[in-house]
Amino acid sequence: MSANTLRQNSAQSPQRTIADVLASYRAGSLTPGKLIGDLLTQIDHADRDEVWISRVPAKTLKQQAAALDLMLQIKGEAVFESLPLFGIPFAVKDNIDVADMSTTAACPEFSHVPKVSATVVARLQQAGALLVGKTNLDQFATGLVGVRSPYGAVRNSLRPEYVSGGSSSGSAVAVALGQVLFSLGTDTAGSGRVPAAFNNLVGLKPTRGLLSASGMLPACRTLDCISIFAHDVADAWRVLQSAAGFDAGDAYSRSPLMLGVKRRGYRIAVPQKPEFYGDDNARLAYEQALEKITAMPGVSITHIPFDAFTDAAQLLYQGPWVAERRAALGAFFESHKEAIHPVVREITEQSDKFDAVDAFNGQYRLAELRREAETLLQNTDLLLVPTTTTMPTIAAVEADPIVRNSQLGYYTNFVNLMDMAALAIPAVWRKDGLPAGITLIGPAGSDHLLAEAGAQFQQLLGGAAQADAVAAAPLPFNEPTVKVGVVGAHLSGQPLNWQLLEAGARLHASTTTSKHYRLYALANTTPAKPGLVRTNGDDGAAIVSEVWEMPLRNFGSFVAAIPAPLGIGTMELADGSSVKGFICEPAALDNARDITGYGSWTAYLAAKI
């Protein structure tokens with residue numbers, strides 16, 4: 001198949017998204033039972049047995065789907081409100097526990113049957129998702145290639161002679177082949193991102209601790225996180241919303257504070273001298289993607305040295321963190337060495353070279369590199385890199401497994417070490433017809449910012465429109481907040497609304513003030529602003545307003561940016577409740593126009609036009 005034909009086939013046959021399926025359920029043109037029947041037939045005829053290690057019995061899965069069919073008939077539209085992933089098939093990497101199914105981590109001798117599902121799996125099923133089965137991986141999640149498994153090398157979904165990427169190989173290929181709509185992987189050094197790039201998918205690697213790791217066999221427990229594969233950013237974000245949440249049973253679970261989203265363009269850092277190990281097709285695809293993104297309004301690019309990131313990456317495989325892989329296996333490593341894949345065993349045995357002093361010195365060095373990276377990125381919103389340097393064939397990896405694997409982690413290995421979030425998205429196709437991806441990287445808590453940017457960039461680079469679906473769906477607040485009432489330039493669609501969004505605020509309600517206010521168009525303000533004044537008598541009116549909820553930690557800086565003659569006081573709403581809101585200094589009314597009769601700032605502006 002020629003490169004052009006491969007690209008054309010991919011463009012002409014887009015995979016169904018979660019949004020597509022839910023819309024079909026609502027319209028009555030599809031049911032969970034019909035979808036599951038179709039997918040099971042597809043899996044059985046795909047000649048891709050290496051993708052799966054174990055599957056839910058077909059009879060069981062059909063019964064579960066039939067129960068959802070009945071629920072849809074009885075409850076109708078209400079099922080989608082209580083079950084946001086209603087009838088959505090998914091897969092789980094086989095180092096993540098599912099109750100009463102074997103967890104092998106791609107090592108049959110290690111196999112055990114847990115009684116309880118991983119927290120994330122349970123949450124997804126509670127949201128209505130249907131588990132199809134457990135997928136193949138680089139053994140013990142050690143590798144970025146997808147070939148280190150006794151269950152077989154997982155072939156690339158588009159070009160079977162190429163690697164699928166690892167370690168979450170089966171999870172990515174199951175989604176790329178349309179056998180499920182999303183899947184869970186895990187990510188230590190790029191295992192949730194490299195397979196995404198090689199299979200034309202989105203790979204969402206959240207801030208560590210945002211998704212519970214309970215029930216996940218780690219490669220490096222202090223670094224690992226569960227990741228999500230999907231066809232577009234909106235789908236991945238929808239899954240994250242159902243799966244995220246603090247888990248007291250996971251010692252590394254946390255509630256990271258979320259950054260606000262951007263509304264004035266993006267300040268993007270890129271590597272000064274990107275590395276592709278001589279792969280000109282990979283280089284050209286990245287340059288073309290970056291050129292398109294750079295042309296977006298409001299985007300600025302800063303080229304930064306990359307040494308701090310590559311030096312941190314070296315600590316993962318050539319430093320003391322390799323001992324964490326040994327710790328994860330415990331006594332099994334000594335008692336069952338012959339059962340461990342030779343390359344995995346060779347990597348893990350390197351732990352013998354390190355002691356406790358090395359571990360502490362590694363922590364000190366990592367802290368230095370983190371500080372250096374923070375300095376490099378302090379005036380930017382995100383780091384944008386190629387997801388991988390190159391895309392090797394299975395034969396090339398088997399001929400030189402360590403070197404080829406390490407090349408693939410050049411842009412991924414440092415992310416968890418530096419406590420960053422990342423989002424891999426499909427980008428410009430290579431000239432040889434292979435897929436290529438880019439990854440957006442930000443500090444802990446930048447997940448929503450990356451998702452909004454990623455949805456915009458994916459659309460720009462050939463994906464369907466989806467940014468609105470992400471923008472309207474932030475994760476729940478996990479910190480103290482304050483409600484702020486606005487009536488003028490901070491309203492939705494008005495020129496200062498970005499100040500609320502970048503402070504992490506969300507629209508809480510559209511309402512009016514009580515009938516005790518007058519509204520004035522202030523003179524000589526840029527952009528134009530109104531002044532809201534409370535009256536002492538009965539000559540006031542209800543003024544259209546919005547109430548926004550923002551993190552309390554950002555309230556002070558938001559208030560500090562408000563110029564005279566405006567300030568923050570207390571605003572009474574129509575229901576009698578009070579929120580913080582904009583007030584106006586009396587002296588500013590001398591040259592102001594009373595516009596109370598219009599009932600709102602936007603109505604006054606429309607009348608002026």
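Let's start with a strand pair. Strands β10 (residues 420–426) and β11 (residues 437–443) run antiparallel and are joined by seven bridges. Within that pair, proline 426 has glycine 437 of β11 as its bridge partner. As a reminder, strands of a sheet pair through backbone hydrogen bonds, either parallel or antiparallel.

Some ground rules. This is a predicted model, where local features need pLDDT of at least 70 and side-chain atom pairs count only at pLDDT 80 or more, while totals for chains, interfaces and linings use all residues. Residues are numbered from 1 along each chain as its sequence is written, and side-chain values use heavy atoms, with hydrogens and water left out. Helices (H or I, at least four residues) and strands (E, at least two) are DSSP runs, numbered from the N terminus. Two strands pair if DSSP finds at least two bridges between them.

Now the whole sheet. The sheet is open, has eleven strands and shows mixed pairing. The order is β1-β3-β2-β4-β6-β5-β10-β11-β9-β7-β8. At the edges stand β1 (52–55) and β8 (300–304), each with a single partner strand, so one side of each has no neighbour in the sheet. On average, neighbouring strands are turned by 25 degrees against each other, direction ignored. Axes here are lines fitted to C-alpha atoms, for helices over the stretch in contact, and angles run from 0 to 180 degrees between N-to-C directions.

Helix α3 (residues 32–44) lies across β1, β2 (89–93) and β3 (130–135). Helix α3 runs at about 140 degrees to β1. Contact means heavy atoms within 4.5 Å.

On to salt bridges (a side-chain nitrogen of Lys or Arg within 4 Å of a carboxyl oxygen of Asp or Glu). The count is 28. Take arginine 208 and aspartate 419, with closest N and O atoms 3.5 Å apart. Arginine 208 is in the loop between β5 (202–205) and β6 (225–230), and aspartate 419 in the loop between α18 (414–417) and β10, so the pair ties together parts 211 residues apart in sequence. Both residues are buried, meaning under 20% relative accessible area, with exposed over 50% and partly exposed in between (1.4 Å probe, protein chains only).

Next, aspartate 381 and lysine 262 form a salt bridge at 3.5 Å, N to O. Both of these residues are buried too. A network of salt bridges links Lys262, Arg264, Arg267, Asp381 and Glu502.

Arginine 283 and glutamate 287 form a salt bridge at 3.0 Å between the closest N and O atoms. Both sit in α10 (residues 280–294), four residues apart, about one turn of the helix. Arginine 283 is partly exposed at 32% relative accessibility, and glutamate 287 is partly exposed at 38%.
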